[in-house]
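Here is a set of questions and answers for someone meeting this structure for the first time. Each answer sets a value beside the rule that gives it its name.

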Amino acid sequence: MARVPVAALNHLRRIQHTLTRHHRPHPTVELVPQPHPWTRALGLVTVVVVGAWLGLLIVGNVRAQVGPMNTTMTLRPSLTGGTKINVSPLGALSLDSHHAPVRLDVNVDQLDPERSQALVDHPERISGLQDEVARDVEHGTLDLAVRSSTAVVLGATTLGLAVYRRPRRALAAGGLALTLLAASGATAYATWNPKSILEPKFSGLLSSAPSLVGNARNIVTEFDVYQKELARLVTNVTKLYDVTSTLPAYQPDPTTIRVLHVSDIHLNPASWKIIASLVEQYEVNVIVDTGDTMDHGTTAENGFLDPIADLGVPYIWVRGNHDSLATQRYLEHIKNVHVLDEGRAETVAGVRFAGIGDPQFTPDRSSATGGNAAEELAGDQLASALRDQRAAGTPVDIALVHEPSAARRTDGEVPLVLAGHLHHEGTEVMPHGTRLRIEGSTGGSGLRAVEGKYPDPIEASILYVDRDTHLLQAWDEIKLGGLGLTTAEVSRHLPKENLP
């Protein structure tokens with residue numbers, strides 16, 4: 001067997017190594033498109049903003065006590081910045097306090113009765129209330145800053161981890177969120193406008209605040225006066241808390257019939273909007289108008305009555321001494337209107353009504369000869385019709401007249417009689433048991449509102465009638481400030497037989 005020389009064997013190995021090195025297959029290269037840097041940056045910013053907003057929404061609020069009030073402070077993303085103070089249910093107060101991509105929301109949740117009562121019992125503490133409020137706001141704002149920082153970092157980091165599934169990218173999102181919040185805070189500090197309190201913007205019921213409490217600048221410059229007013233305000237609100245706990249415990253059943261009583265509108269166009277609002281707010285079933293809807297009763301005034309068709313509920317009407325027969329005929333052709341006269345009775349919304357128009361037509365407010373006798377005669381006619389209805393097995397639940405002197409003639413024939421004419425409300429139980437409810441002027445006396453030193457208020461009532469017995473269970477007296485005024489009062493009353 002021949003042997004291969006060692007030199008030849010090494011030469012063969014070198015040839016084989018060279019061939020292997022030159023003919024080794026190259027790995028396959030795939031082209032993977034890389035996202036554009038701007039796209040990646042936009043995606044990261046989106047994750048940061050959304051995560052930070054969710055963090056603020058979930059855990060970024062602080063409950064703080066400011067003076068006698070319990071509040072909730074929150075930071076919210078915003079394009080305009082500023083501060084919004086919500087005082088439910090009165091409305092909101094907006095301040096142009098700063099320009100930054102965050103807004104401070106302060107919700108006034110409730111008044112602390114104990115701290116308020118302490119101020120009432122010790123009025124001398126009012127002098128230090130301003131400093132106390134300032135300290136409370138400072139502490140609340142500091143707590144809010146810490147909690148908000150934690151909220152945005154946690155929110156952005158959590159969302160970044162869910163989207164990218166990389167801890168490093170998630171931490172980058174949290175750090176960027178904290179940086180953005182710090183930058184927003186620095187911007188707010190740099191643009192802080194302490195004078196914004198002098199130019200607040202009101203919404204809701206607070207929109208009347210400037211006319212009620214005066215110019216904000218006066219409050220600041222005359223703080224001594226404001227302190228006294230604040231003490232009075234705290235006192236009244238505390239009394240309100242005490243009173244509401246002892247109000248008559250009547251709660252209208254959902255089936256209770258709600259009757260809106262209006263009277264003496266006297267061509268005031270604002271009355272229709274007020275009536276429409278009351279119909280909606282109180283879910284009124286039927287409206288009763290005891291006359292003097294017009295002022296002179298001319299045909300030229302008839303168009304004033306057209307909005308009645310849009311109120312959406314039945315409208316029962318009796319003629320007043322400022323309403324003509326032409327007015328009555330016009331109303332008879334309006335949808336949903338039920339005109340009652342000469343003792344005629346109708347059942348509307350489950351309640352049986354009967355009424356008679358005023359026998360006098362005196363649009364010039366003159367006193368006709370024998371006027372009282374005519375009113376009493378009309379009352380006697382209505383009382384006779386009420387007896388006839390009872391004898392026929394269809395007793396009347398509520399009688400309607402315009403003049404109270406006519407209403408008094410129905411005593412003992414009906415549980416409730418409604419009237420107007422006097423331009424001020426009143427109620428009494430007459431000797432034979434009939435309750436007389438006199439409504440004020442729902443039109444604030446019309447043009448006559450400016451005749452006296454103070455304008456007449458706008459008055460109306462909500463009557464709660466039991467659906468089974470058809471008896472009056474309670475009534476709410478509603479009184480709004482007259483021409484140029486913005487006050488509002490609502491008071492609840494119960495018949496003695498319905499006291500809890």
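The questions below concern a predicted model, and they go from the whole chain to single residues and pairs.

Q: What makes up the protein chain in terms of helices and strands, and how many of its residues count as buried?
A: The protein chain has 12 helices and 19 strands. Of its 500 residues, 41% count as buried, a word that stands for under 20% relative accessible area. The chain exposes about 28,400 Å², and carbon and sulfur atoms supply 59% of that area.

Q: Why is Leu-180 called partly exposed?
A: The relative accessibility of Leu-180 is 37%, and the label partly exposed covers values between the buried limit of 20% and the exposed limit of 50%, so Leu-180 counts as partly exposed.

Q: Why is Arg-435 called buried?
A: Arg-435 has 11% relative accessibility, and buried means under 20%, so Arg-435 counts as buried. Arg-435 is in strand E16, residues 435–438, and, leaving aside neighbours within four places in sequence, its contacts include Leu-416, Val-429, Leu-472, Trp-475 and Pro-495.

Q: Which residues touch the most other members of the largest nonpolar core?
A: That core has 31 residues, and those touching the most other members are Leu-260, Trp-272, Ile-275, Ile-287, Ile-308, Tyr-315 and Leu-331. Among the elements that each supply at least two residues of this core are strand E7 (257–262), helix H9 (270–282) and strand E17 (458–465), and H9 gives the most, with six residues. Not counting residues up to four places away in sequence, Leu-260 touches several residues, among them Ile-275, Leu-278, Ile-287, Ala-460 and Ile-462. A second, separate core of 18 residues includes Val-286, Ile-398, Val-465 and Leu-472.

Q: Why is the pair of Trp-272 and Phe-304 called tilted?
A: The ring centres of Trp-272 and Phe-304 are 5.3 Å apart, and rings pair if their centres lie within 6.5 Å. Their planes stand at 45°, while stacked is kept for planes under 30 degrees apart and edge-to-face for over 60, so the pair is tilted. Trp-272 lies in helix H9 and Phe-304 in the loop between strand E8 (286–289) and E9, 32 residues apart, so that the pair links distant parts of the chain. Both Trp-272 and Phe-304 are buried, and together with Tyr-315 they form one aromatic cluster.

Q: How do you know that Arg-103 and Asp-105 form a salt bridge?
A: The closest N and O atoms of Arg-103 and Asp-105 are 2.6 Å apart, and a salt bridge calls for such atoms within 4 Å. Side chains of opposite charge can pair when their charged atoms come close. Arg-103 counts as partly exposed at 26% relative accessibility, whereas Asp-105 counts as buried at 9%.

Q: What makes the meeting of Glu-477 and Arg-437 a salt bridge?
A: From N to O, the side chains of Glu-477 and Arg-437 are 3.7 Å apart, and the limit is 4 Å. Glu-477 in strand E18 and Arg-437 in strand E16 are 40 residues apart, and the pair links distant parts of the chain. Glu-477 is buried with a relative accessible area of 14%, and Arg-437 is buried with 0%.

Q: Why can the pair of Glu-459 and Lys-479 be said to tie together parts of the chain?
A: The two side chains meet in a salt bridge at 3.9 Å, N to O. Glu-459 lies in strand E17 and Lys-479 in strand E18, so the pair ties together parts that are 20 residues apart in sequence. Glu-459 is buried, with a relative accessible area of 5%, while Lys-479 is partly exposed, with 33%.

Terms used: Residues are numbered from 1 along each chain as its sequence is written. This is a predicted model: local features need pLDDT of at least 70, side-chain atom pairs count only at pLDDT 80 or more; totals for chains, interfaces and linings use all residues. Side-chain values use heavy atoms; hydrogens and water are left out. A nonpolar core is a set of buried Ala, Val, Leu, Ile, Met, Phe, Trp, Tyr and Cys residues joined through side-chain atoms within 4.5 Å. Buried means under 20% relative accessible area, exposed over 50%, partly exposed in between (1.4 Å probe, protein chains only). Helices (H or I, at least four residues) and strands (E, at least two) are DSSP runs, numbered from the N terminus. Contact means heavy atoms within 4.5 Å. Rings of Phe, Tyr and Trp (its six-membered ring) pair if their centres lie within 6.5 Å; planes under 30 degrees apart count as stacked, over 60 as edge-to-face and the rest as tilted. Accessible areas come from the Shrake-Rupley method with a 1.4 Å probe; for residues, only the protein chains shown count as cover.
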